[in-house]
Amino acid sequence: VAVAESDRFVEAETRVAVDTLVFEKKATLDVDVDGFATLPSDLIYLEGLYSETTPLDPLLLEDYLAFLSGPGMSGYIGDSAYTILGRQLRVIPTGARTLTLFYWARPPETDGVTFTLSGPALSLVRHLKLAYQELDRGEPEVGAMEIAQYELDARRVRRRSREKRAFHDSLRSPLAR
Amino acid sequence: MNTPLRYLLERLRVGSVEPELWGDDVVLGLFNEGYRDACERSACLQALTTIPLVIDTAEYALPSDHARTLGVFYNGFPLPELNVSSAFWPEQTGFYGYDDLIGIAPTPASDGTVYLLYGRYGTPFADLDSTFEDGFPLEFYYLLVHYVRWRRWIEQGGAQHITQSRWERDQYDQGVGRLRRYARTLDRSAEPRFISPLERPRLKARLHPSVDAR
């Protein structure tokens, strides 16, 4: 039995993408008249949603459902807001429109030669792939050690990416945020 | 690329000195167990349904794919969860569950609709060419490798297997925890809007005017 190298790289790269959140994308999304739209299949986390240049407010799902279920706490219905149910985006007030979304994405399947991630994240991909290989090859101690090290490194890369983002945000004027 | 389950099976078999542990049928059965367990514990597959209330009927059937209740909403409010044993006390408002039923307290005195948000089970894998449901993210397929190894090694016994199975179980549990957080925070920036935690006591008072009066 052999495991294809490319399969191992696909598994490793997708896990690194979710553990580090370093791969971002922008897309447009058509919302139907009921305010529903299906999120892109490669979406890991939604970062921001805009109607032209106006950001939509995120709502907790439970608040949205409370609103949907009746008039009890319907005091707030200000600007447009959205929530996510499963893989579905729900926007209120309802009505067809086109939105722009920014999100952290799952990389497309690699062939094991060309990768979407780069820099420290790509090093993590190679590291994780080797760790899985050790685990599967009947070297559980080595594999376990490598996985533990991978998790530490992934946290570090994620933190660095967040710090970079926070720094860029701090440079923007409050009006532009 | 291989189908996901065949790839996971290859991972189990490659380099194994005990290939008899990883027979197709045994592994498929454990894949299904692990998938069901991960769906239930993480509630990564969410579904919303409505339950029409009937006058003088307190209990209603849950959907057949129901794994766990995430929230029940009625008339603009989330209903609190009650213990079955205390659901019939006077002045109780909320929902309770047992077997495949959900109960509403107090028993509805008028028609209405309850919104039920729940975590559901994924459709079981019929064979090794079956696929995961869309809501179960690709990044977490690897959990099933840890689940199967944990279960198979614990069944085999022996000091080495037991130690290793413990590590596999930890990996599986931690992964399910990550999957649960992933499912809850798909949108990472949401803040309570309609009903902040500070407002909840006031809400409760509105739901229980008699309690409030005391």
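Trainee: How do H1(A) and H1(B) lie to each other, roughly parallel or roughly perpendicular?
Mentor: Keep in mind that this is a predicted model. The axes of H1(A) and H1(B) cross at roughly 105° and come within 11 Å. Angles of 65 to 115 degrees count as roughly perpendicular, so H1(A) and H1(B) are roughly perpendicular to each other.

Trainee: Which residues make that contact?
Mentor: From H1(A), A:Asp7, A:Arg8 and A:Glu11; from H1(B), B:Tyr7, B:Leu8 and B:Arg11. By class, 4 of the residues in this contact are charged, 2 are nonpolar and none is polar.

Trainee: OK, the whole interface now. How many residues of chain A are in contact with chain B?
Mentor: 56 residues of chain A, in contact with 48 residues of chain B. The two chains bury about 4800 Å² between them, with 60% of that on carbon and sulfur atoms.

Trainee: And how many salt bridges between chain A and chain B?
Mentor: The count is 5. One of the pairs that meet in a salt bridge is A:Asp136 with B:Arg11, at 2.7 Å from N to O.

Trainee: Which elements of chain A give two or more residues to that side?
Mentor: Helices H1, H2, H3 and H4 and strands E3, E5, E6 and E7 of chain A. H2(A) gives the most, with 9 residues.

Trainee: What is the make-up by class on the side of chain A that touches chain B?
Mentor: That side of chain A has 34 nonpolar, 17 charged and 5 polar residues.

Terms used
Residues numbered from 1 in each chain as written. Chains lettered and ligands numbered in written order. Predicted model: local features only at pLDDT ≥ 70, side-chain atom pairs only at ≥ 80, totals over all residues. Heavy atoms only, no water. Contact = heavy atoms within 4.5 Å. Buried area = accessible area lost by both parts, 1.4 Å probe. Salt bridge = Lys/Arg side-chain N within 4 Å of Asp/Glu carboxyl O. Helix = DSSP H or I, 4+ residues; strand = E, 2+ residues; numbered from the N terminus. Nonpolar A, V, L, I, M, F, W, Y, C, P; charged D, E, K, R; others polar. Axes fitted to C-alpha atoms, helices over the stretch in contact; angles between N-to-C directions. Parallel < 35°, antiparallel > 145°, perpendicular 65-115°, else oblique.
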